[in-house]
Amino acid sequence: MIALVISGVVIGCVYALIAAGYAIVYRTTGVLNFAQGSFVMLSGMACSWLITSEGWSYPLAALGGLVLTIAAGAAIWMLVMAPMLIRRLGIGLAVIATLVVSYALTDAVLLWQGPDPRSLPAIQPTWQFHLGSTRVSSGQVYVIVGMALILLLLSAFLKYTPLGRATRASAADHETAQLLGISPVRVGGYAMCIAAAVGALGGLLITPIQFTSASGAVQLALYGFVAAVLGGFGRLSGGVIGGLVIGVLQELVARYISTAYSDAITFAVLIAVLLLRPQGLLGAPDYGRARRSRSSHNRMNRKVHHASDVSHEGQPARTS
Amino acid sequence: MGDELVVSGISKQYSGVQAVADASFTVQPGEVHGLVGPNGAGKSTALGILSGFIPPDAGSITYRDRELVGTVPDKLVRAGIARTFQEPSPIAGLTVLENVLTGLHIQGHAGTLQAAVRSPKLRAEEKRLKAEALRLLGSVGLADRADADAGDLSFGELRYLEVVRCLGTGATMLLLDEPAAGMGKTETERLTALIDDVRKQGRGVLLVDHDMGFIFGLCDAITVMNAGRVIADGTPDEIEKSEAVREAYLGGSTGNHGAGNHEAGKAGAQ
């Protein structure tokens with residue numbers, strides 16, 4: 001039982017990192033980025049490839065995987081999302097595009113690396129301890145501690161640095177942020193790079209203890225999304241709670257019921273939570289407060305040259 | 001040279017309605033330039049065009065020898081043109097200080113990477129910008145509210161924040177959309193002093209307002225619009241004597257007699 005909870009928490013941490021990626025991209029651009037799971041897969045696969053085929057040392061290969069994944073995030077933004085948003089083709093299309101990108105990345109990696117699952121060497125130093133009769137490995141602890149550190153760093157970045165402040169400003173009110181000289185297109189690009197980095201780090205932490213394969217990306221994206229919605233969309237802490245709940249739940253279902261029902265029960269829980277508590281377990285962040293309280297009067301002539309055409313409530317934004 | 005904001009022949013049509021028709025005027029640096037007119041005169045649309053939010057159908061806007069039509073708002077701010085909104089738009093979730101700092105950062109010199117990691121150079125700059133932000137907030141009595149969430153300010157405080165945040169961008173041409181709306185006498189006086197300071201710094205101000213006392217008391221030049229057209233352009237004295245202006249406000253073709261009379265009454269009282 002304890003072993004199940006621990007392995008559930010470990011995979012839940014990865015979902016939490018994916019959920020954080022969703023949150024940051026969604027808040028700054030309004031787009032649900034379903035390529036989020038691909039970042040986790042891509043970094044693990046790239047690192048493994050750099051070690052086995054190119055003979056790089058592990059730390060260097062890990063760095064290579066991280067950089068490559070961030071580059072992929074930036075490329076998705078510049079080549080796919082930004083052009084769509086600038087031409088105002090609509091948020092919905094951009095969301096579908098990220099889904100397409102996710103499948104395309106999976107296929108690309110399948111062609112490039114084949115369908116075999118990959119693993120990475122254990123992160124040094126390795127050690128273990130016992131919790132009752134349950135063995136806890138260092139790899140599992142690294143994932144949990146790593147997730148906590150990454151999200152703390154991310155919150156500190158958002159709170160204390162000018163770029164973080166610009167990101168928050170743009171997320172809260174991109175029109176006004178624009179008037180203060182903040183380009184939504186640039187901020188969206190930074191958000192994608194950050195989301196890719198967070199996902200990549202998750203991949204580098206999890207791949208040593210759990211196999212990663214090209215085809216796992218879309219599933220990761222989906223579970224991460226469920227975690228984000230379950231905890232309260234847009235909140236980093238919500239993603240953590242949601243991720244842990246989903247991770248542990250999946251382990252328990254797989255052990256006591258059947259792995260075949262894992263997905264069904266995961267989504268049933270999501271639907272139940274959404275029916276009872278649509279704002280998620282922790283509730284949605286209140287960054288939209290000012291927008292809602294503002295009347296649309298005199299905002300008719302604010303034509304938004306932005307990315308996002310959709311307010312956070314999913315209603316068309318007040319554009320003329 | 002080229003430091004004046006030259007608006008020439010801008011037009012904008014909305015589904016058959018000519019909101020702005022071939023409007024031209026020039027705002028000099030170090031000048032407070034009033035833009036007035038009855039409701040529906042096209043002031044707001046003109047301001048929207050000037051701040052890059054509304055693409056005009058025709059016309060050109062030049063500042064510092066640069067054509068600015070087609071420039072997105074965030075680039076316009078960097079080119080030196082910033083605006084406020086009639087309805088204050090605080091960035092809720094950020095503190096009052098952070099609201100001002102967000103704009104001030106245009107003046108910062110640290111690069112993106114430095115902005116992401118808080119290098120020593122950036123810390124020094126951040127300290128300087130923070131002091132500047134607090135000074136700006138202090139000039140309107142908001143210093144002690146610096147750490148409050150901007151969404152929690154009172155309406156009057158928000159008005160000041162809107163103006164101060166705009167000043168903080170370092171823009172040299174400020175477009176202020178009814179900054180005194182809903183303000184009491186002492187508040188308006190404080191705002192007047194603030195705008196006067198801006199003028200003394202050699203920055204230009206385009207001031208849209210309904211309060212004729214405020215406009216006539218502060219402006220060096222006034223442009224009057226009616227039904228999308230510029231009907232008069234000149235010093236406050238010339239405007240006061242203008243037959244066309246009197247007619248627009250009193251006999252108005254805008255169907256807005258009540259407001260027109262009221263405003264004309266105020267103007268006449270000057």
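Strands pair here if DSSP finds at least two bridges between them, with helices (H or I, at least four residues) and strands (E, at least two) taken as DSSP runs numbered from the N terminus. The model is predicted, so local features need pLDDT of at least 70 and side-chain atom pairs count only at pLDDT 80 or more, while totals for chains, interfaces and linings use all residues. Residues are numbered from 1 along each chain as its sequence is written, and chains are lettered from A and ligands numbered from 1 in the order in which they are written.

**View 1. The open sheet of chain B.** Six strands line up as β6-β7-β8-β3-β9-β10, with mixed pairing. β6 (81-83) and β10 (229-234) of chain B each have a single partner strand, so one side of each lacks a neighbour in the sheet. On average, neighbouring strands are turned by 20° against each other, direction ignored.

**View 2. Strands β9 and β10 of chain B.** β9 (residues 221-226) runs antiparallel to β10(B), and five bridges join the two. Look for B:T223, whose bridge partner in β10(B) is B:D233.

**View 3. Helix α7 on the sheet.** α7 (residues 185-200) of chain B lies across β3, β7 and β8 of chain B, contact meaning C-beta atoms, placed from the backbone, within 7 Å. This helix runs at about 145° to β8(B); axes are lines fitted to C-alpha atoms, for helices over the stretch in contact, and angles run from 0 to 180 degrees between N-to-C directions.

**View 4. Two helices crossing in chain A.** The axes of α1 (residues 2-29) and α10 (residues 236-256) of chain A come within 6 Å and cross at roughly 140°.

Key: Contact = placed C-beta atoms within 7 Å.
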